[in-house]
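Please walk me through this structure in plain paragraphs.

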2 protein chains.
Amino acid sequence: MKFNQLPKEQRKALSLYVKLMRAANKTTNRIHRHLATDNLTLSQFAVLEALYHLGPLCQGELVQKILKSNANLTTVVDGLEKKSLVRRERSDTDRRRVTVHLTDLGKALIAKVFPRHAKVVAEELQFLSEKKKEEFTSLLKLFRIEE
Amino acid sequence: MKFNQLPKEQRKALSLYVKLMRAANKTTNRIHRHLATDNLTLSQFAVLEALYHLGPLCQGELVQKILKSNANLTTVVDGLEKKSLVRRERSDTDRRRVTVHLTDLGKALIAKVFPRHAKVVAEELQFLSEKKKEEFTSLLKLFRIEE
DNA sequence: ATGAAATATTTCGACATCGAAATAAATGAG
DNA sequence: CTCATTTATTTCGATGTCGAAATATTTCAT
């Protein structure tokens, strides 16, 4: 059973899916370029950004935020720690937890990179009118991504 | 400059971007699960699917289709070849090119997996009405992804 | 014809990522 | 209190991915 023989509903869903992936892919790649100028991966940026806006978080909380595995979060934080952008601290109240803090260096970096990131994303999406952005956002909300 | 202090346009663009990534991520992960039951990665599936619908293609053409690097395509095709799902053939007219063909085994596999894939994707997106799917698709078209 | 530039693929080295097993600490039922 | 269970993180082994350099082939200007 090839594409053309599928029920119409499935054909539409597939087309939508492919376009969604390509749009996300294309956008990610462009964003990644500007982060690479500061030697940050997307995940590293995501961690710095979360800490910047939410304050120190334990690794479990960061896993939720960046949507990656526990195993990977360890690696990401390792990378940031090696560059002295964050530091780990065992929680006093629950010593299983490791709380991650921005260092001064990390704060300075994310304070520099975040506004540029916002600018790049806005430029990347400027082909959508404000109205279309809103329509788009409300459709995306239907995906019920857990916050 | 933190999120709340950004110009409204940038805040909106960022929210949209984050939602787009999360939606794509969530959908990809679910799709990947059903492919994993046949030991296929997303990229391997994408290659089989392209060959299934378009016939034999050279690797450069496949790179366009699956949006991965040349280096990676070699690995992906290696993996498929090891499982005897595809075979490589040097082009006679241009011996720099390597044309990739589905084997009978590969044909049988993709003929089995593709309809299930279509079904899974349709189920995954069924929370969107047909009308909303169309709206969504037309917004995504504005991203002008090169076909 | 010939050698330089262009094109197609592979190799290499480095990371990012994941699932599962291992480790460490907290909790809770008895 | 104590040990089994749950929770948080790390380690391990494997794979996917990329950019850049290397290799092989074709094309094109002279």
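Ser91(A) counts as exposed, because 12 C-beta neighbours lie inside 10 Å and a residue with 12 or fewer is classed that way. The model is a predicted one, and this holds for everything that follows. Ser91(A) sits in the loop between strand S2 (86-90) and strand S3 (98-102) of chain A. Leaving aside residues up to four places away in sequence, Ser91(A) touches Cys58(A), Arg97(A) and Thr99(A). Pro56(A) is 35 residues away from Ser91(A) along the chain, and the C-alpha atoms of the two are separated by 11 Å.

Cys58(A) stands opposite Thr99(A), which belongs to S3(A). S1(A) and S3(A) are joined by 2 bridges and run antiparallel. The sheet as a whole is open and has 3 strands, in the order S1-S3-S2 (chain A), with antiparallel pairing. Strand S1 (57-58) and S2 of chain A are its edge strands, each pairing on one side only. Strands of a sheet pair through backbone hydrogen bonds, in either a parallel or an antiparallel sense.

Two helices pack on this sheet. H2(A) touches S1, S2 and S3 of chain A, and its direction makes about 85° with that of S3(A). H4(A) touches S2 and S3 of chain A, and its direction makes about 120° with that of S2(A).

Chain B has a sheet to set beside this one. It is an open sheet of 3 strands in the order S1-S3-S2 (chain B), and the pairing is antiparallel. At its edges are strand S1 (57-58) and strand S2 (86-90) of chain B, each of which pairs on one side only. S2(B) is joined to strand S3 (residues 98-102) of chain B by 5 bridges, and these strands run antiparallel. Within S3(B), His101(B) is the residue opposite Arg87(B). S1(B) also pairs with S3(B), in the antiparallel sense and over 2 bridges. Here Leu57(B) stands opposite Val100(B) of S3(B).

How are the two chains related? Chain A is superposed on chain B by a rotation of 180° with 0.0 Å of shift along its axis, at an RMSD of 0.1 Å. That is the relation of a two-fold axis.

The contact between the chains involves 46 residues of chain A and 46 residues of chain B. On the side of chain A that touches chain B, helix H1 (8-36), helix H2 (42-54), helix H5 (104-124) and helix H6 (130-141) of chain A each give two or more residues. H1(A) provides the largest share of that side, 18 residues. By class, the side of chain A that touches chain B has 27 nonpolar, 7 polar and 12 charged residues. The copies meet through the same surface, because 100% of the interface residues of chain A are also interface residues in chain B.

The remaining topic is the DNA. Around DNA strand C there are 23 residues, of which Ser43(A), Ala71(A), Arg95(A), Gly60(B) and Ala71(B) come nearest. At least two residues of the surface near DNA strand C come from each of H2 and helix H4 (70-82) of chain A, and from each of helix H3 (59-66) and helix H4 (70-82) of chain B. H4(A) makes the largest contribution to this surface, 5 residues.

The elements giving two or more residues to the surface near DNA strand D are helix H3 (59-66) and H4 of chain A, together with helix H2 (42-54) and H4 of chain B. H4(B) gives the most to this surface, with 5 residues. The surface near DNA strand D divides into 7 nonpolar, 10 polar and 7 charged residues.

Definitions and conventions
Residues are numbered from 1 along each chain as its sequence is written. Chains are lettered from A and ligands numbered from 1 in the order in which they are written. This is a predicted model: local features need pLDDT of at least 70, side-chain atom pairs count only at pLDDT 80 or more; totals for chains, interfaces and linings use all residues. Copies are superposed by least squares on the C-alpha atoms of residues with pLDDT of at least 70 in both. Two residues are in contact if their C-beta atoms, placed from the backbone, lie within 7 Å. Helices (H or I, at least four residues) and strands (E, at least two) are DSSP runs, numbered from the N terminus. Ala, Val, Leu, Ile, Met, Phe, Trp, Tyr, Cys and Pro count as nonpolar, Asp, Glu, Lys and Arg as charged, and the others, Gly among them, as polar. A residue is near a molecule or strand if its C-beta atom, placed from the backbone, lies within 6 Å of it. A residue is buried if 20 or more other C-beta atoms lie within 10 Å of its own, exposed if 12 or fewer, and partly exposed in between; C-beta atoms are placed from the backbone. Two strands pair if DSSP finds at least two bridges between them. Axes are lines fitted to C-alpha atoms, for helices over the stretch in contact, and angles run from 0 to 180 degrees between N-to-C directions.
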